Amino acid sequence: MVRISVTGANGQLGKEIRNIHKDYAGIEFTFYTRTELDITNKDSLKKLKESKCDALINCAAYTAVDLAEDEIDKAYAINLHAVGNLADYCKNNNCTLIHVSTDYVYGESNTPHKEYGNINPLSIYGKSKWEGEEIIRSTLSNYYILRTSWLYSSFGNNFVKTMRRLAVEKNFLTVVNDQKGSPTYARDLAKGIMHVIVTKLSNITGNKKEYGTYNFSNRGATTWYEFAKKIIHKSDPDFPIYPVTSDEFVTKAKRPEYSVLDCSRFENTFAYKIREWEKALEECLELLNVEST
């Protein structure tokens, strides 16, 4: 029996893991919401000892990218110091840490990002997530860090749900068309995480654990504008959406113009084929349409 604890269980990724966890026989899950387990408070981690987990999936994060430019202490408290608490816990309790990070740790590029190059975060959010990664690497050897991008789900607040809502509230939309990246369906990321656990953390003799840092996003790349068109035109093909530049849509935090992830290391290491972002989006939209009827 492999025992898994999940922090940040009320976030979109945490809810996706909760949604699929019954598909994994022989794994015992314990889910912790922010109110049930405050990972910024080291004393509260005593609750984890009760579950005696073999692996800890950290889905908790401060993800308000623009607000982080003002709430620097809060961003670092969750994305760095709390991650340090979890790394210490895992070190002291022989537990593997699976931590979700972000494409925002990378700097500008014009080619897909590989895991070990071009680290130059442009925002407080990206910097806090990078330093959180570093504290894991300096504390543990038994960890998986998965960097993802443009995460969305039928749960929580995200770009897909925001675009659908705005298409109802407004007569037209303008969306940035000079930032390129890889949308990631949180359910696909959840399944990818579980694949790592099943294939690498089960007690199979001679099975290499392959710890380290990996990229995970759905295959392919698009712009926010093209992404929005796919989202809205699925149900309303005639809704007007217009492209704008980043200069016309100013945000407090700087976003990278090119944030596509090269996920070949994950696919090759874990023998896992990640599906295309259009296919994943289609599944999520169908689910949202069912939920809205």
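Helix H6 (residues 186-200) lies across strands S1, S2, S3 (55-58), S4 (96-102) and S5 (143-148), where contact means heavy atoms within 4.5 Å. Helix H6 runs at about 160 degrees to S5, with axes fitted as lines to C-alpha atoms, for helices over the stretch in contact, and angles from 0 to 180 degrees between N-to-C directions. Helices (H or I, at least four residues) and strands (E, at least two) are DSSP runs numbered from the N terminus.

The model is predicted: local features need pLDDT of at least 70, side-chain atom pairs count only at pLDDT 80 or more, and totals for chains, interfaces and linings use all residues. Residues are numbered from 1 along each chain as its sequence is written, and side-chain values use heavy atoms, with hydrogens and water left out.

**Sheet**

- Six strands form an open sheet with parallel pairing in the order S2-S1-S3-S4-S5-S10; two strands pair if DSSP finds at least two bridges between them.
- Strand S2 (27-32) and S10 stand at the edges with a single partner strand each, so one side of each has no neighbour in the sheet.
- On average, neighbouring strands of this sheet are turned by 20 degrees against each other, direction ignored.
- Six bridges join S1 (residues 2-7) and S2 in the parallel sense, and Arg3 stands opposite Glu28 in S2.

**Aromatic residues**

- The count comes to 19 aromatic pairs; rings of Phe, Tyr and Trp (its six-membered ring) pair if their centres lie within 6.5 Å, and planes under 30 degrees apart count as stacked, over 60 as edge-to-face and the rest as tilted.
- Tyr152 and Tyr185 are stacked, at 5.5 Å centre to centre and 10 degrees between the planes.
- Tyr152 lies in strand S6 (residues 151-152) and Tyr185 in strand S9 (residues 184-185), so this pair ties together parts 33 residues apart in sequence.
- Both Tyr152 and Tyr185 are buried (under 20% relative accessible area, with exposed over 50% and partly exposed in between; 1.4 Å probe, protein chains only).
- One aromatic cluster is formed by Tyr144, Tyr211, Tyr214, Phe216, Phe266, Phe270 and Tyr272.
- The charged end of Arg265 sits over the ring of Tyr214, 4.2 Å from its centre; the criterion is NZ of Lys or CZ of Arg within 6 Å of the ring centre and within 35 degrees of the ring normal.
- Tyr214 is buried at 0% relative accessibility, and Phe270 is buried with a relative accessible area of 4%.

**Cysteines**

- The count comes to zero disulfides, a disulfide being a pair of cysteine sulfur atoms within 2.5 Å.
- For Cys53, the nearest cysteine sulfur is that of Cys95, 3.7 Å away; Cys53 is buried, with a relative accessible area of 6%.
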